[in-house]
Amino acid sequence: RSAIAHLQSSRLLVSIPPNALAFFIIGTYFFATIAIGYWVRKNAKTSSQFLHARGALPTAITAIAFLAVNCGALEIVGIVAASAKYGALALHFYWIGAIPAMVFLALFMMPIYARSRAMTVPDFLRIRYGNATHIFSALCLAAMMAFISGISLYAISAVLNLFFGWGFFRIALVTSAVILCYISMGGLKATMYNEVLQLTLTITGLIPLVFAVLHDFGSLDGLLQRLPEGMTHAWRFMPLMQPKVATMDVFGVVLGLGFVLSAGYWCTDYVLIQRALAARTMEGSINTPLLAAIVKIFFPILVVVPGLAAAAFFRKAGISSYNQALPFLMQHYYSRGLLGLGISAILASLMSGLSGNINALSTLWTHDLYRTHIRQNENDAHYLIVGRISTVAAAMISVATAYIALRYNNLMDYLQLLFSLFNAPLFATFILGMFTTWATPSAGFWGLFCGMTAAIAHNLAVRYHLVTYGSDMLANFYGALFGWGACMMATVMISIFTRSKTKEELAGLTYFTQQKGTKGISRRSWILAASVLAACFVLNLIFR
């Protein structure tokens with residue numbers, strides 16, 4: 001039986017009849033998103049304004065959008081599901097798997113991105129390595145964004161099916177139509193302003209759930225006492241290195257998640273970098289991840305705490321459909337009035353991730369592939385039309401990839417698998433490209449190819465039980481290490497036998513070829529980064 005049928009038959013989740021208040025709240029949210037797109041449409045009259053919006057927005061907006069685009073299916077449904085499955089171990093996705101990488105991106109990589117003249121992540125690889133690496137990375141990122149868009153659409157479908165009994169086609173039609181309306185009118189700027197609204201609504205809808213959970217269980221300690229000991233601490237019961245039997249181990253978490261997957265996502269993700277580059281100033285681009293990290297460090301309160309409550313309920317009922325944890329909790333704790341707000345909060349978070357990836361997929365095709373390699377000398381109006389058409393195509397692709405997500409009972413497992421296949425090798429290519437002058441164009445392409453091949457081979461070995469792990473998540477951590485290591489070694493070896501670019505050609509593209517005086521980061525940014533890292537360290541000690 002399907003996951004939804006399993007939950008409904010267990011009498012924990014049943015479809016409820018839609019009520020006027022819920023429809024009013026959801027309808028108001030949909031209207032507001034379209035109104036924002038209409039409001040900013042006058043600032044999306046050129047292809048550059050529509051696709052990039054580089055240097056066009058204040059830092060406060062870019063920082064909120066940077067955080068909001070991460071708070072889609074990955075953050076809300078995915079982390080609640082991961083917390084229900086893995087307990088307090090899900091805290092590692094924040095204090096090991098996010099904060100350090102966000103600080104590294106801000107202090108060391110954003111200055112290079114901003115000065116490189118690159119408009120997108122693959123565009124940087126074109127300038128640094130050449131066209132072959134550019135095309136290959138763009139195709140790989142397009143595939144990943146298509147899969148992630150499908151995850152968001154699947155999650156939206158699962159939520160509305162449980163609450164209202166709607167079918168997948170109706171849900172896909174309504175949500176895609178709303179997203180297409182505001183993206184096609186206002187482009188990236190409309191998407192980012194909507195992400196501010198979506199994050200606000202998401203937080204507003206989740207806060208009452210946290211209070212209800214803590215009130216029901218008495219306190220956080222009362223909640224933890226209802227769980228097995230291994231699910232109540234982040235570090236205490238985790239072995240050093242036992243990949244075959246452990247749910248997670250220290251080696252996999254620190255290196256696989258904390259180094260490769262975390263930095264691979266935060267430092268090379270197309271959608272995130274796109275938002276940081278939209279800041280009006282260099283300092284704004286640097287501070288965008290740092291300001292987002294301040295909120296990110298406390299976000300587990302909103303998602304991990306409810307996930308732990310779902311773990312207590314689900315263990316008692318013997319249910320393992322973790323993707324339904326958040327809808328179940330809202331049905332259990334919310335009144336009919338609050339339920340409309342809760343549904344809107346989930347929709348906002350999921351539509352944020354979906355719209356961000358649809359917009360990015362459109363930009364990647366139009367700018368990185370079509371304009372750069374297929375039709376180079378068309379007028380700007382032509383590229384603007386192509387951008388809008390490709391937005392429609394990206395939405396249609398997300399419908400197709402949503403069916404793949406149906407195979408996974410935990411969206412976070414699936415997302416980390418995608419990151420291990422694509423982002424992990426890409427991170428090695430970026431590290432060598434930004435922090436060495438000897439990595440060659442040929443090595444950039446073949447290293448990335450070898451890394452992704454190794455990551456895919458590892459995943460196939462896991463699927464066919466040639467290699468075993470204690471959990472799917474741990475397999476993703478080690479798979480990321482395989483992909484990153486293979487890319488790193490292949491790039492180093494091939495660079496020995498091929499010609500590198502001159503320092504003049506690499507001017508502004510690496511940490512060591514920046515112009516004198518351009519490496520400086522403001523004292524305020526350094527203090528902010530140090531404060532965030534210190535808070536992250538203290539929280540790891542408290543919840544160890």
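Guide: Contact here means heavy atoms within 4.5 Å. Keep in mind that this is a predicted model.

Start with Y29. Y29 sits in helix α2, which covers residues 20-39. Is Y29 buried or exposed? Its relative accessible area is 4%. Buried means under 20%, so Y29 is buried. Which residues does Y29 touch, once neighbours within four places in sequence are set aside? They are L197, Q198, L201, L347, A348 and M351. Take Q198 from that list. Y29 and Q198 are 169 residues apart along the chain. Their C-alpha atoms are separated by 8.8 Å.

Now set that against the whole chain. The chain has 544 residues, and 62% of them count as buried. It has 23 helices and 0 strands. Consider the contacts between residues at least 6 apart in sequence. Of these, 85% join residues at least 24 apart.

Y270 has a relative accessible area of 3%, so it is buried. T363 lies 93 residues away along the chain, with 9.9 Å between the C-alpha atoms of Y270 and T363.

S285 comes next. It lies in helix α14, which runs over residues 282-296. S285 counts as buried because its relative accessibility is 3%. Its contacts, sequence neighbours within four places excluded, are M110, A276, L277 and A279.

Q331 is another buried residue. Its relative accessible area is 18%. Q331 is part of helix α16, residues 325-333. Its C-alpha atom is separated by 9.7 Å from that of I343, 12 residues apart along the chain. Why is α16 described as largely enclosed by the rest of the structure? Because 8 of its 9 residues are buried. Those buried residues are A325, L326, P327, F328, L329, M330, Q331 and Y333.

On to the nonpolar cores. The largest holds 171 residues. F93 and Y113 have the most contacts inside it. Helix α9, residues 131-164, gives the most to this core, with 14 residues. F93 touches I79, A82, A98, M248, L257, M412, Q416, M473 and F477, leaving out residues up to four places away in sequence. A second, separate core has 6 residues, among them I61, A65, M192 and V196.

Next, helix packing. Two packed helices are described by the angle between their axes and the distance between the axes. Helix α20 (residues 423-435) packs on helix α22 (residues 472-497) at about 35°. Their axes are 7 Å apart. The crossing of α20 and α22 is right-handed. On the α20 side, the contact uses A424, P425, F427, A428, T429 and L432. On the α22 side, A480, G483, W484, C487, M488, T491 and V492 take part. By class, the contact residues are 10 nonpolar, 3 polar and no charged.

Last stop: helix α21. It covers residues 441-463, which makes 23 residues. From first C-alpha to last, α21 reaches 34 Å. That is close to the 33 Å expected at 1.5 Å a residue. The buried residues of α21 are A443, G444, G447, L448, G451, M452, A455, H458, N459, A461 and V462. An α-helix has 3.6 residues a turn, so residues three or four places apart point the same way.

What happens just after α21? H465 takes a positive phi of about 65° there, although H465 is not a glycine. H465 lies in the loop between α21 and α22. Its relative accessibility is 64%, so H465 counts as exposed. Y29, where the tour began, is buried at 4%.

Notes. Residues numbered from 1 in each chain as written. Predicted model: local features only at pLDDT ≥ 70, side-chain atom pairs only at ≥ 80, totals over all residues. Heavy atoms only, no water. Helix = DSSP H or I, 4+ residues; strand = E, 2+ residues; numbered from the N terminus. Expected span 1.5 Å × (residues − 1). Buried < 20%, exposed > 50% of the residue type's maximum accessible area, 1.4 Å probe, protein only. Axes fitted to C-alpha atoms, helices over the stretch in contact; angles between N-to-C directions. Left-handed = near helix turned anticlockwise from the far one by under 90°. Nonpolar A, V, L, I, M, F, W, Y, C, P; charged D, E, K, R; others polar. Core = buried A, V, L, I, M, F, W, Y, C linked by side-chain atoms within 4.5 Å.
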